Amino acid sequence: MKKNSEFFKNAKKVWPYLNKCKGSLIGYAMVSIIGAVVGVIWPLVSAKLILNITDAAITQLLYSALAVLGIEILSDIVDCFKGIFYQNIYRATVVNLQMAVAKEMLKIEIREIDKNSSGLFIDRLNKDTKEISGIFMEYTFWLSTIIANIGVLFTIFILNRYLFGFAVVSSICCFAINKKRINKQYEVQKNVHMLQEKKTGLTAEIVKGIKDIKVMNAEETVLKQVGSKIQETSNEEIKMLKIRRQYFLYEYLVKAFSDFLFIALGCYLYNKRLLVIPTFVIIYNYQSKVKNLLTGVGQLIEFNKKFTISSSRIFEIIDDEKFSKEKFGKDSIPKLNGLIEFKDVSFGYDEEKKILDKMNFKIEPNQKVAFVGKSGVGKTTIFNLMTKLYKTDGGTIYLDGKDIEEFDCSSIRNNMSIITQNPYIFNLSIKDNLLLAKEDATMKEIREACKMACIDDYIMALKDQYDTILGENGVILSGGQKQRLAIARGLLMKTEMMLFDEATSALDNETQTEIQRAIDNLKGEYTVLIIAHRLSTIIDSDKIFVVDEGKIVAEGNHKKLLKTCEIYRNLYEKDLEI
């Protein structure tokens, strides 16, 4: 009962995505009804044809042949239109479901993404949405088949109750075998889905890390891991195929014996004058449809189970059942001034270790501020919390004196640009990568941003210039070029707060100087925050925060910190040695 209620609950959720193509749905329903009627009439006409042949009734035979021709043409037309309507419904449903899943995936908290394999999301977006769309249409097909075969069963009951009773009993035997198979497959199928997710996730990681795999000469090790996942998934799939093969064999044997016994019973009834040959021929043509009636019911049960598995998996993403979604406030402010304050902010990526421990600091609008410290002390985490990629475990972050939790998403992220140390470059053209930052940007704006980021000359020297496709994660670009493109992307947004997370670390000294000049141009007009790897790049900052053990342990300008903070002094001296 619980599984049935879950099916109906999920079917109700899927229906709006299916219902967006009402015209095709109505058309599919109409041709399905016509097909069901044809299915009831067909055995009667074919039986009549056989009787005309055996009776040598030539005139009637021609009429019967014409009737058969008409039914076959009608059946072909019905199948053609069903295919057209099916294609429209399937495509629309897949698109609607995949868009819904993609939209909700983008709302999932980064913590949830960190915890799960990418294969989990890829499989649910691609495979499960397609399976649901296909199941809905298969369900409609078998439902119309069942309706047609109920008519057939009723006709057999009127013609001969003895053969009707036998047909029902043999069909129930086949149905019982089918139901047993479906129940056994259900648990295995759930496990197959889970293993496929892991295999897809590992495959995605191999593609992303293929350079490192080659450099480490780790192909054999990786192949062993992949082989293990493939073998594990294959073993479960074979287990499912064995179950199908075993129970299909039982079903075929029951059908074969029932066909023999049906004929034997027909002969017995004929000898007892309880059956005439024409009636026997008609019922014999009908009997396979009676078996298909309960086979259809079995198919519906199997589809219910498959649907329950796939729909539950995608609604774990669409709903908030399993994966926590980002939560924002309702206050909308188009433009923030750039006042930022952390009060007793604590955070850890896991429960065991705190990265920030009751951190406090304040940044005034239009200041150029730097965060320095050893690796792993929480500098990047500050930016992650400021842009609300992660939610604090305690304390409060204020923007313009207001709790960040009260702002909607656009108020926060449309007012901040973050340029990271390892930016992700999409497999799009250079122009399209930049348009992600500002959809309506003109080519003039794009080129100005690229000139400020010192990458316009390189782009214009390419064959396709700004239409050059960059490959996955900007494979054709060097590390420095990727960072400069990311800087251009950030500059194009022209947000009130510009966050540079070691954005110049992969650049040569000459380019770094030019980028530094571009950053300096922002001073006084924007709130500029910099996480610095090279302290020589931030000595002119209005304020420098020294981060250690999850706290701000010192603050001031460069000269003050050199005198008062040993950690800062040591970091600066090491930088000079490089």
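This is a predicted model: local features need pLDDT of at least 70, side-chain atom pairs count only at pLDDT 80 or more; totals for chains, interfaces and linings use all residues.
You'll find I156 in helix α5, which covers residues 118-159.

What does I156 touch, once residues up to four places away in sequence are set aside? Its contacts are R161, L163, F164, I283, Y286 and V290. The C-alpha atoms of I156 and I282 are 8.6 Å apart, although 126 residues separate the two in sequence.

## The protein as a whole

Stepping back, the protein has 18 helices and 10 strands. It runs to 578 residues, and 46% of them count as buried.

## Two nonpolar cores

The largest nonpolar core holds 40 residues, and L434, I538 and Y568 are the ones that touch the most other members. As a rule, nonpolar side chains in soluble globular proteins tend to be buried together.

Let's zoom in on L434. Leaving out residues up to four places away in sequence, L434 touches I446, C450, Y466, L485, A488, R489 and L492. Apart from this core lies another one, made of 36 residues, with V101, L120, W142 and I146 among them.

## Where α13 meets α15

Helix α13 (residues 443-452) and helix α15 (residues 479-493) have axes that come within 8 Å and cross at roughly 125 degrees. That angle is why α13 counts as oblique to α15. The crossing is right-handed.

Which residues make the contact? On the α13 side they are E445, I446, A449, C450 and M452, and on the α15 side A488, L491 and L492. Sorted by class, that gives seven nonpolar residues, no polar ones and one charged one. Some of these names have come up already: I446, C450, A488 and L492 are among the residues that L434 touches.

## Two residues with positive phi

Most residues other than glycine have a negative phi. So here are two spots worth a look on the backbone. N366 has a positive phi of about 65 degrees and isn't a glycine. N366 sits in the loop between β2 (356-363) and β3.

C454 has a relative accessible area of 18%, so it is buried.

## A glycine in β10

G556 belongs to strand β10, residues 551-556. At 11% relative accessibility, G556 counts as buried.

Where do its contacts fall? Not counting residues up to four places away in sequence, G556 touches K543, I544 and L561. G556 and V546 are 10 residues apart along the chain, and 8.9 Å separates their C-alpha atoms.

Definitions and conventions:
Residues are numbered from 1 along each chain as its sequence is written. Side-chain values use heavy atoms; hydrogens and water are left out. Axes are lines fitted to C-alpha atoms, for helices over the stretch in contact, and angles run from 0 to 180 degrees between N-to-C directions. Helices (H or I, at least four residues) and strands (E, at least two) are DSSP runs, numbered from the N terminus. Angles under 35 degrees count as roughly parallel, over 145 as roughly antiparallel, 65 to 115 as roughly perpendicular and the rest as oblique. A crossing is left-handed if the near helix is turned anticlockwise from the far one by less than a right angle, and right-handed if clockwise. Contact means heavy atoms within 4.5 Å. Ala, Val, Leu, Ile, Met, Phe, Trp, Tyr, Cys and Pro count as nonpolar, Asp, Glu, Lys and Arg as charged, and the others, Gly among them, as polar. A nonpolar core is a set of buried Ala, Val, Leu, Ile, Met, Phe, Trp, Tyr and Cys residues joined through side-chain atoms within 4.5 Å. Buried means under 20% relative accessible area, exposed over 50%, partly exposed in between (1.4 Å probe, protein chains only).
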